[in-house]
Amino acid sequence: MSAHQSSGSAWQVHGLMLGAAFLVATSFPVVAAITGHLDSGVLTFIRFALATALFGPVVACRYGLSRPNLRDLLRYSLLSFLLVTFFWCMFTSLRLTTPLNTAAIFALNPFITAAVAAVLLHEKMSLSARVLLPIGAVGATWIVFRGDLSAFLSLRIGAGDIFFLAGTIALATYTTLVKVLHRGEPMAQMTFWILATGTIWLFLLTFSKLNDIQWATVPGSVWVGITYLSIFTTIVTFFVFQWSTTRIGPTRVAAYTFLNPALVLLIGLTFGDIQPPLTTWPGVFLVVGVTVALQTNLTGGAQKPRSRSGKAARNWL
């Protein structure tokens, strides 16, 4: 591959990641608008099921959808189990803690992903990257707390926070294992089967609640919101994140998480939210600068995992 082609490919990956990060940020106001009408777990089950139903024909026409063998099914089921574990921990934690606490913990996601990738992929970071990751977490937390140090210092860690931390670790492991367990199949196929097996996991978690819902009373706006989430923040973002992970590595992909609070803030301002305090904006500039810097200071392209644990996972599955 020529240097020009490599540069073009890198710009394509990062452009797609920015687009996916923006779509993820749009999911927060959409979920906030519709979550009062459906249980969060049921909403996520419908989201996965609809995404599977919509994406299946596209993948079938493009690549075919032959039934995976047992080993492949185990790969997809393990990945979707980790993804569903993150959602389950998030729903559980929000009943026990505050959105501020979970947002602060989620700011650690790139740092946790880097640690998991170091174990499973032997992914190496420069000294500057080791410095930038904590700074990015500080910047994201800064935005979450609107630059209010007293609000941050009043944060108390409880059982809900432990649940969400466990979910964040599961998500970091999922992001890393996508690269470890990818077998060269089209990423669209892998995305479909992760969605399909994830739908089964979510059904097992929520089937006892399905009969309690008055489906006829669910407003049409809720179905519109679920359709948006299914297509844009599930099919599209899952595909882009997984595809990008195999090209630039899990830590560089996870680094885009730092932009999430800033993007949510900017989207809210676009739709008329109250201007945040001026003390918030240094955090915005900080996460943007750190995210850009991390993309140039981290390695982790498409090389094979070199650690024993990574090789063991590939050989077993």
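Visitor: Which helix holds Phe232?
Guide: Phe232 lies in helix H10, where a helix is a DSSP run of H or I of at least four residues (a strand being a run of E of at least two), numbered from the N terminus. This is a predicted model, in which local features need pLDDT of at least 70 and side-chain atom pairs count only at pLDDT 80 or more, while totals for chains, interfaces and linings use all residues. Residues are numbered from 1 along each chain as its sequence is written, and side-chain values use heavy atoms, with hydrogens and water left out.

Visitor: Why does Phe232 count as partly exposed?
Guide: Buried means under 20% relative accessible area and exposed over 50%, with partly exposed in between (1.4 Å probe, protein chains only); the relative accessibility of Phe232 is 36%, so Phe232 counts as partly exposed.

Visitor: What makes Phe81 and Trp201 an edge-to-face pair?
Guide: Rings of Phe, Tyr and Trp (its six-membered ring) pair if their centres lie within 6.5 Å, and planes under 30 degrees apart count as stacked, over 60 as edge-to-face and the rest as tilted. Here the centres are 5.2 Å apart and the planes stand at 65°, so the pair formed by Phe81 and Trp201 is edge-to-face. Because Phe81 belongs to helix H3 (residues 70–94) and Trp201 to helix H9 (residues 187–210), the pair ties together parts 120 residues apart in sequence.

Visitor: How do you know that Asp72 and Arg75 form a salt bridge?
Guide: A salt bridge requires a side-chain nitrogen of Lys or Arg within 4 Å of a carboxyl oxygen of Asp or Glu, and the side chains of Asp72 and Arg75 meet at 2.8 Å, N to O. Both residues lie in helix H3, three residues apart, about one turn of the helix.

Visitor: Why is Arg75 called buried, whereas Asp72 is called partly exposed?
Guide: Arg75 has a relative accessibility of 2%, so Arg75 counts as buried, whereas Asp72, at 21%, counts as partly exposed.

Visitor: What makes Asp72, Arg75 and Glu185 one network?
Guide: The side chains of Arg75 and Glu185 also meet in a salt bridge, at 3.0 Å, N to O, and salt bridges that share partners join Asp72, Arg75 and Glu185. Glu185 has a relative accessible area of 12%, so Glu185 is buried.

Visitor: What makes Asp39 and Lys209 a salt bridge?
Guide: Their closest N and O atoms are 3.4 Å apart, and the pair links distant parts of the chain, 170 residues apart.
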